[in-house]
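This report goes through a protein model residue by residue and then as a whole. Please read it alongside the sequence and the coordinates.

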Amino acid sequence: MRVVKDLKSSSVVIPKGTIILETRPFAHVLKSYYRYTHCDHCLKTNGGKLLKCSGCQYSHYCDRLCQKQSWVIHKSECMNLKRILPRVIPDAARLMARIVVKLEKGGAEEKEYYDKYCFRKFKDLMSHYSDIKNDPKRMEHFTCLHEVLKEYMGEEALPNAAELLGIYGRICVNSYNIVDVDMNSVGVGIYLGPSIIDHSCKPNCVAIFEGTRISIRALVDMPQLDWANIRISYIDVLNTTNIRRSELQSSYYFLCECEKCKEPEKFESAAICPSCDEPCSIDQDSCKGCKKEITSTFRNKFNEVSQFTARYLENIKNEAYLDVSKTCLKRHANVLHPMNIQNVRVTESAFDASINLGYWEDAEKFGIELIPGYLHYYGEIHPSTGILYSVLGKIQLNLSKAKLALDSLSKAMKILTITHGEKHSLVRENLRPLLSQAIVENRK
């Protein structure tokens, strides 16, 4: 594990982009959806050339080295995985099983230092035991997982129900979604040191993954390393305050009182004033800008469009449809403010759908329209903003718009070297070659 040392003096500045903590997981699991395309150990794709475990016929690996390194934990599950085939064990149950085995083999005493003198053990992770017990959905999930684990491992191999619930609770409130370079969640991991970090909807740090390795990187310059003030975001912050708070309350059992949650919302649910084009609240009698009355006709139209959009966004969680996205955006015109969360989300959907279909002109248009929303909600220095510029630049290269591509890719490089670092595969293997291509194209 890598820890920033000797940065406690108030005179020392931690520049943005600094890695303040870097470590491997205490336990992790590859999502079963990716078991044929990703290595079960390092979670990378290796170009799709994977070796299958001859024992369980379930797990796949990059090479013999990954298979050997994985055997420490895989040997306890290999025959169990084979025995239940063709059924697939739920990801959460497999992670719980791995933690049970690790704790039995001395993992309970494993320490991970996040500071020179401070460390975390698995037992130090909050389990929210009482909250879980009083959460019907979580308890139903736990009961199902418990039954699965009895069949998978055997009841005699499991700790008592209370201890198992404690493990489940720690997973629920401390696990990290492990994402690939395209920000797809490919696995779940428990990280002891990073578990000390609290949430903010306006974070000063970000968690970045390279395979299973997590790096906590500073998004802003900081005068000192003070873990009490280090914040990452547990959720996607592109949402209204009410939705963010509701998600945090239901998943992590706390009411967020961060700076962003206390700020008044200007755009999140705003209409666009028919008279002055400024954002206005549909719940008010008049626009604060021009003082013109908000008519009941306009209010009804706004509510109708908003409800239609909400249904669409709920239905496309797994797949975006370009034609319906375009229909939504047409209905938004002169009703929803361009920075309204729903408008940004539908634009995002249209952008993704255009890329999937190879409609590069549409993709460029929607990508450009997304930029103001990403800058406002994510901020200038954020992985999502950097990746947007990177994808937009690649699209512009495909459209032979070298000058625009160079501008977009240069902005992406400025952001992603801070959020990911120059050595990250996203920058080294994806972004840098694109930027070099754009530079060459501009010289022609």
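Histidine 332 has its place in helix α10, which covers residues 322–332; helices (H or I, at least four residues) and strands (E, at least two) are DSSP runs, numbered from the N terminus. The model is a predicted one, in which local features need pLDDT of at least 70 and side-chain atom pairs count only at pLDDT 80 or more, while totals for chains, interfaces and linings use all residues. Residues are numbered from 1 along each chain as its sequence is written, and side-chain values use heavy atoms, with hydrogens and water left out.

With a relative accessible area of 1%, histidine 332 is buried, where buried means under 20% relative accessible area, exposed over 50% and partly exposed in between (1.4 Å probe, protein chains only). Its side chain and that of asparagine 343 are joined by a polar contact of 2.9 Å; a polar contact is a pair of N or O atoms within 3.5 Å, and within protein one must be able to donate a hydrogen and the other to accept it, with residues adjacent in sequence counting only if both atoms are side-chain atoms. Not counting residues up to four places away in sequence, histidine 332 touches Val305, Thr309, Gln342, Asn343 and Val346, a contact being heavy atoms within 4.5 Å.

Some backbone features lie in loops. Leucine 85 and proline 86 are joined by a cis peptide bond with omega of about 10°, and proline 86 sits in the loop between α2 (78–84) and α3 (91–104). Leucine 43, although not a glycine, has a positive phi of about 70°, and lysine 291, also not a glycine, has a positive phi of about 70°. The loop that holds leucine 43 runs between β3 (27–30) and β4 (51–52), whereas lysine 291 is found in the loop between β15 (279–280) and α9 (296–315).

The table lists relative accessible areas for some residues.

| Residue | Relative accessible area | Class |
|---|---|---|
| Leucine 43 | 5% | buried |
| Lysine 291 | 61% | exposed |
| Aspartate 352 | 37% | partly exposed |
| Alanine 405 | 0% | buried |

Alanine 405 belongs to helix α14 (residues 402–419), and, leaving aside its neighbours within four places in sequence, alanine 405 is in contact with Gly393, Gln396, Leu397 and Ala438. Between the C-alpha atoms of alanine 405 and methionine 126, which are 279 residues apart along the chain, the separation is 46 Å. Aspartate 352 is part of helix α11 (residues 341–357), and its C-alpha atom is separated by 26 Å from that of asparagine 242, 110 residues apart along the chain.

Turning to the whole protein, there are 15 helices and 15 strands. The radius of gyration is 24 Å, close to the 22 Å that the globule rule gives for 444 residues, so the protein is as compact as a globular protein of that length; the radius is taken over C-alpha atoms, and the rule is 2.2 Å times the number of residues to the power 0.38. The C-alpha trace spans about 70 × 60 × 55 Å along its principal axes, and buried residues make up 51% of the 444 residues. Among contacts between residues at least 6 apart in sequence, 62% join residues at least 24 apart.
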